[in-house]
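Have the model open beside you as you read.

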Amino acid sequence: MGYDQDFFRPPLSKSSKESTREIVFVGHWQPHTEKGIAALLEGGLKVEMWGYNWRKAKGREFRLCEHLPYPDYVKTVGGAKIALCFLSKRNRNESTGRSFEIPAIGTFMLAERTSEHEYLYGDNVGAGLFSNERELIDRARYYLRNNEEREAIAKTGH
């Protein structure tokens, strides 16, 4: 796994004041991904999402999810305070392309806890990690309230 360093770069200037989106997810549908995003929404958090196969979702609000054109990916992730990194359970991933793309763009990554993510970034060092929906909600709320800490972690992850 990796990223294209010529494409995945931070915007020319980025601060929390410029971040127009709170939480974003760009990726395909899987049941656990829907469950995690649904928990965030039920917790009163705003999540914007794009990707494939969301027509399979149980929740009707997810079925309208559309594909994000590749050139818009960096701008979308770069304009968010938090970018989510869910992994494919079908592939038994410990990381994914997003695991490298999000930090390369300079955005704070809130990712599923795996031994690989812990090794690469460290929890609350170069990324925020979560193990379940409760922790996902708590971490998202915490980092939305703590701009300086979130930005320092994003910088370390980058």
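Which residue follows H3, and is its phi positive or negative? Helix H3 is followed by Gly-106, with a positive phi near 95°. Keep in mind that this is a predicted model.

Now look at helix H3 itself, which spans residues 97–105. Nine of its nine residues are buried, so the rest of the structure largely encloses this helix. Among these buried residues are Arg-98, Phe-100, Glu-101 and Ile-105. Their cover includes strands S1, S3 and S4, along with helices H2, H4 and H6.

| S3 and S4 | parallel | four | Cys-85 with Ala-111 |

How does the chain get from strand to strand? From S3 it passes through H3 to S4, a right-handed β-α-β crossover. From S4 it goes through H4 to S5, and this β-α-β crossover is right-handed.

Finally, turn to helices H5 and H6. Their axes come within 5 Å and cross at roughly 105°. Angles of 65 to 115 degrees count as roughly perpendicular, and H5 and H6 are therefore roughly perpendicular to each other. Their contact involves residues including Tyr-142 and Leu-144 of H5 and Arg-150 and Ile-153 of H6. Sorted by type, the contact residues are four nonpolar, one polar and three charged.

Methods:
Residues numbered from 1 in each chain as written. Predicted model: local features only at pLDDT ≥ 70, side-chain atom pairs only at ≥ 80, totals over all residues. Heavy atoms only, no water. Axes fitted to C-alpha atoms, helices over the stretch in contact; angles between N-to-C directions. Helix = DSSP H or I, 4+ residues; strand = E, 2+ residues; numbered from the N terminus. Parallel < 35°, antiparallel > 145°, perpendicular 65-115°, else oblique. Contact = heavy atoms within 4.5 Å. Nonpolar A, V, L, I, M, F, W, Y, C, P; charged D, E, K, R; others polar. Buried < 20%, exposed > 50% of the residue type's maximum accessible area, 1.4 Å probe, protein only. Pairing = 2+ DSSP bridges. Right-handed = clockwise from strand over helix to strand, strands pointing away.
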